[in-house]
Structure formats: structure tokens, C-alpha cells
Amino acid sequence: FKQESELELWLKTETETANPMAEVITNCRKTGDLGPLQQEGDGKTPEGFYRVRLGSLNTYSSYHLSFNLGFPNRYDRSHGRTGSYLMVHGACASIGCYAMTDPRIEKIYAAVEHALENGQDAVSVHIFPFRMTDQAMIDLGDHPWVDFWINLKQGYDMFEATKRVPKVSVDEKRYTFEEAL
């Protein structure tokens, strides 16, 4: 959540029957103005739905540990967005990435690496401009990105209702969502 400078890390064990548990981890610095990254160097960071795969992990990062978000994804490319090497990383210095501090990235990285090395093909990363409550949407209803955020909120609401990552696709330059099985 960019506005709140928070990352929620959701974990579920194989034997867990209840909903997964979340841990809130605070970013060490703001992650760009509201609205999605349009082009490299515009002072913003991505918003949307991303998938991190094993090859995206970087143990040799200049910022302790990092993983690549996969920006631009299919949605971003359909809108002509540009940029590269958008990372979640350690340290507390960044231009355009999500800086978490070294101890925080160690916890996040370990969870992502564990999932990917134990059979999960990808880890979903959902980047929202803010907690997408109905009130927040009303408060920001005249923002230039509100139509985009309404589309993001569909995926946000689906996860909030089920605590399961929805299947995310792109159709006609919009995100589409299906409930996870």
C-alpha cells in the first residue's frame, strides 16, 4: 500500500485450514506519488498485479537482497508503460523501488524464496495506491487515476472477501479476475 508505506506479507502453511495470516511490514521510505509508473524516471512506482518467479530473486543485489517485480507486466505493456528492474529490496535508499531495510527484506525474501523453492510457481504481489476501502475511494473520487483504481479495487475486494489470491488476467487493457479454486 503506497500511501500507507506498508507491505502485507500473507502466509499459509500446507496444513492450515483457516484463512492465512498477514504480517504488516512498514517500508522504510515513501514509494512514489499516487498513480502508476508510466515511464522510467517519472517519480512513481508501479500499481497493479505482479508475479515473482524464482529467476526474479537476486541474492547479489547492491541493496542486500532483492527481487524483481516483473514490471512492466502484460497490463503495463498494453498501456505503453516503460521501466525496468523495479525491485523490492533491502537498504533504505531507492529511486523507484520498494526499499524495506535489510532486516525486513530478509524476512520477505525468505518467505518468497521458500514458496518458490517448494513448488509454488510464482508469488503474487499486489500493489495498491492505498487501502482500497469504499471511503478511500470516495475521498479520492476526483483523482485522475480513479477509473484505474476502480479496476484494481475489483481484485482487492475479491481477496479481502476470500483471503485467496484471485486469478488475474488482462483483457482489452483491463485487469480481469476470477476466484481462486
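Reply: The model is predicted. H4 itself covers residues 146-162, 17 residues in total. From its first C-alpha to its last it reaches 24 Å, close to the 24 Å expected at 1.5 Å a residue. The helix has a kink of about 25 degrees, centred on Leu 152.

Leu 152 is also one of the buried residues of H4, which include Val 146, Phe 148, Trp 149 and Tyr 156. Among the elements that cover the buried residues of H4 are strands E1, E3, E8 and E10 and helices H1 and H3.

Two of these buried residues, Phe 148 and Tyr 156, belong to one aromatic cluster that also holds Phe 1, Phe 49, Tyr 75, Phe 128, Trp 145, Tyr 175 and Phe 177. Arg 81 lies over the face of Phe 148, 5.2 Å from the ring centre. Arg 131 lies over the face of Phe 1, at 4.1 Å from the ring centre.

The aromatic pairs in the model come to 13. In one of them, Phe 49 and Phe 128 are edge-to-face, 5.7 Å centre to centre with 85 degrees between the planes. This pair links distant parts of the chain: Phe 49 is in strand E3 and Phe 128 is in the loop between E8 and H3, 79 residues apart. Phe 49 counts as buried because its relative accessibility is 6%, under the 20% cut-off. Phe 49 also forms an edge-to-face pair with Phe 177, at 5.1 Å centre to centre and 70 degrees between the planes.

Note on methods
Residues numbered from 1 in each chain as written. Predicted model: local features only at pLDDT ≥ 70, side-chain atom pairs only at ≥ 80, totals over all residues. Heavy atoms only, no water. Helix = DSSP H or I, 4+ residues; strand = E, 2+ residues; numbered from the N terminus. Expected span 1.5 Å × (residues − 1). Bend = angle between axes of the 7 residues up to and from the residue. Buried < 20%, exposed > 50% of the residue type's maximum accessible area, 1.4 Å probe, protein only. Contact = heavy atoms within 4.5 Å. Phe/Tyr/Trp six-rings, centres within 6.5 Å; stacked < 30°, edge-to-face > 60°. Lys NZ or Arg CZ within 6 Å of the ring centre and 35° of its normal.
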